[in-house]
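Subject: Structure for your files

Hello,

Here is the structure I said I would pass on. My notes on what turned up in it follow below.

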Amino acid sequence: MNNMTSPPSKSKNSRDELIEKMDYYFSKERETLQSSYRLKLKKESIDFFIKTKDGSSTLNSPDFDGKIETMHNSNGAITESFEKFVKPFKNSYFKNIDNDDRLKNKENSYFKNIKKEKLLESKEISNEKLKNLKYKEDIAILDICSGLGYNSAAIIEDFLKNVDKTCEKVPKLSVDMVEISAETLAAGILVPSPIKSHEIVKKAIESKLIDESYLALKLEKEDVPEDVAISIHCEDARETVRKFADNSYDGIFLDPYSPAMAPELCTVEFFKELKRVIKDDGIVATYTLAAGVRYAFIEAGFYIGEGPIFGRIAGGTIASLNSDNIIKNISANDEKTIALSDAGIPFRDENLDLESFEILNNRKNERKNARHSYKLSSAVQTPIFLGKEIKDKKLKRRILRNLNKVNISDLKSEEACFIISPQFKYIQDYSAKYKFSKKFENKSKYKFNNNLKNKNNFKNIIKFNLKNNTKSNLKGFLNHNYKSNSKDRIIEMEKRLKSINNYEFLKE
Ligand SMILES: C[S@@+](CC[C@H](N)C(=O)[O-])C[C@H]1O[C@@H](n2cnc3c(N)ncnc32)[C@H](O)[C@@H]1O
């Protein structure tokens, strides 16, 4: 905090200038105990926030080596909170209630023509229904990188609207907000509140900043209601999470800047901490779909899936210790990229104390060592072409060069098909579930048959497994084709690529 004697001039709409202004006006508030400084700052700060498409405001990130991001999605900051965090949380939290409900109503509802198994299988809850489901038990949310407090505000808004007050013991919502930057928290009380419950968050932030001697006056009007408890932790989330008890949270909202800027919150070791503090049936929701982050979740022990799509062509990531919480698998191409290429090498931070640049450099080196050795190169999206035709001759040459380096002789060779075969059953399930055209479904069935029967690959796979005296492997392979989740397929494909390398399958 700097103690300036005159207000800084307003020339550019930047975060740094807002922080300078805050430092000046808040120091005046502390010095004089007059409310006028905060009120003036609230008016002047409006110009430093950036409007997103739904009318809610965001702020720039600090400068990371010349790169600046905004804190939220330009398509709508507060909409993003509901879509990417609250919605997937509720979908998993209410999954059983919803299915029971559907089954009960089977006879007299529009579900009556659907088979019972299909009803149970369908885990996605309609938006309409989701909005009105009632909270009947206490909920604990961990909001990591709470920033301006939108994600917390969104879950509070939903909870207050839907808490079932007729319960004998009225449920409570507790939210732990973790934010490293006091200035960002303070900006949270200046930003125009996009929803009513954000005013509650402002009150909690104000109390925290008074405790930290950053503010002096209680000016926020909206009190925190009795059935909501908000705790704010202003420090590096790696430090904070270590202090939390095991098995504590129903939902974790993880909203850091991109992995290139904040890799310390995307590491295997940090996710192991999240695994410790999350309840067995809880979910982590995060907006990123980076291969290294998804693999880190898997290595830490989570199942992963794709989150709701908002403002992009693909959704973020949902992670849970319970595979039933995964409503949508990640795409087949993403699975291959994560399992088989160096892009899937995760971020690591053994003692949870490395600087961002160290984590990035270590990963760069690990990727370099893995590439062309036990992982395919991610260049030109090599892994996604396994089992496919490539018309472009130049591209084909490049892909083949990459494949040959890890002992895969051709795009549709036996070993190529062996590596990716855990995906075939999945492609069929996926196409049926998401109602792809019949043409697509037939094509994937054809691929399955073509690869496993017509080309005798199935026999070869069995031969390969028996030759290596791994009967259990064979059983694993057969079972595997009847499972349907990304984590198992990724682990299996990765293992198969390694076995091809170790046994030098081709050369025998
Ligand atoms: C994308 S913004 C989050 C926006 C926020 N969820 C909201 O509702 O406004 C990322 C936030 O992470 C915070 N952050 C960065 N590194 C952190 C760390 N190691 N621990 C805790 N917070 C961190 C930043 O200060 C920033 O406020």
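Buried residues make up 44% of the 508 residues in the chain. A residue is called buried if 20 or more other C-beta atoms lie within 10 Å of its own, exposed if 12 or fewer do, and partly exposed in between, with C-beta atoms placed from the backbone. This is a predicted model, in which local features need pLDDT of at least 70 and side-chain atom pairs count only at pLDDT 80 or more, while totals for chains, interfaces and linings use all residues. Residues are numbered from 1 along each chain as its sequence is written.

The secondary structure comes to 21 helices and 9 strands. Helices (H or I, at least four residues) and strands (E, at least two) are DSSP runs, numbered from the N terminus. Two residues are in contact if their C-beta atoms, placed from the backbone, lie within 7 Å. Among contacts between residues at least 6 apart in sequence, 70% join residues at least 24 apart.

Helix packing

Helix 1 packs with helix 2 at an angle of about 165°, and their axes are 9 Å apart. Axes here are lines fitted to C-alpha atoms, for helices over the stretch in contact, and angles run from 0 to 180 degrees between N-to-C directions. Helix 1 and helix 2 are therefore roughly antiparallel; angles under 35 degrees count as roughly parallel, over 145 as roughly antiparallel, 65 to 115 as roughly perpendicular and the rest as oblique. Helix 1 contributes Leu18, Lys21, Met22, Tyr25, Lys28 and Glu29 to the contact, and helix 2 contributes Tyr37, Arg38, Lys40, Leu41, Glu44 and Ser45. By class, this contact has 5 nonpolar, 1 polar and 6 charged residues. In this scheme Ala, Val, Leu, Ile, Met, Phe, Trp, Tyr, Cys and Pro count as nonpolar, Asp, Glu, Lys and Arg as charged, and the others, Gly among them, as polar.

Helix 8 (residues 182-190) also packs with helix 1, at an angle of about 80° and with the axes 11 Å apart. Helix 1 and helix 8 are therefore roughly perpendicular to each other. On the helix 1 side the contact involves Leu18, Ile19, Met22 and Phe26, which meet Glu183, Ala186 and Ala187 of helix 8. This contact has 6 nonpolar, no polar and 1 charged residues.

Helix 13 (residues 332-340) has 7 of its 9 residues buried, so it is largely enclosed by the rest of the structure. The buried ones are Asp334, Glu335, Lys336, Thr337, Ile338, Ala339 and Leu340.

Phenylalanine 253 is in strand 6 (residues 249-254) and counts as buried because it has 29 C-beta neighbours inside 10 Å. Its C-alpha atom is separated by 7.5 Å from that of isoleucine 141, 112 residues away along the chain. Apart from residues up to four places away in sequence, phenylalanine 253 touches Phe85, Ile141, Asp143, Ile144, Asn151 and Ala285.

Isoleucine 195 lies in the loop between helix 8 and helix 9 (197-211). With 18 C-beta neighbours inside 10 Å, isoleucine 195 counts as partly exposed. Isoleucine 195 and isoleucine 78 are 117 residues apart in sequence, yet 8.1 Å apart from C-alpha to C-alpha. Leaving out residues up to four places away, isoleucine 195 touches Ile78, Ala153 and Glu157.

Serine 14 is in the segment before helix 1 and is partly exposed, with 14 C-beta neighbours inside 10 Å.

Backbone angles

Most residues other than glycine have a negative phi. Leucine 33 has a positive phi, near 55°, and is found in the loop between helix 1 (15-32) and helix 2 (36-45). Leucine 33 counts as exposed, with 10 C-beta neighbours inside 10 Å. Histidine 372 also has a positive phi, near 65°, and sits in the loop between helix 14 (356-370) and helix 15 (393-405). With 15 C-beta neighbours inside 10 Å, histidine 372 counts as partly exposed.

Regards
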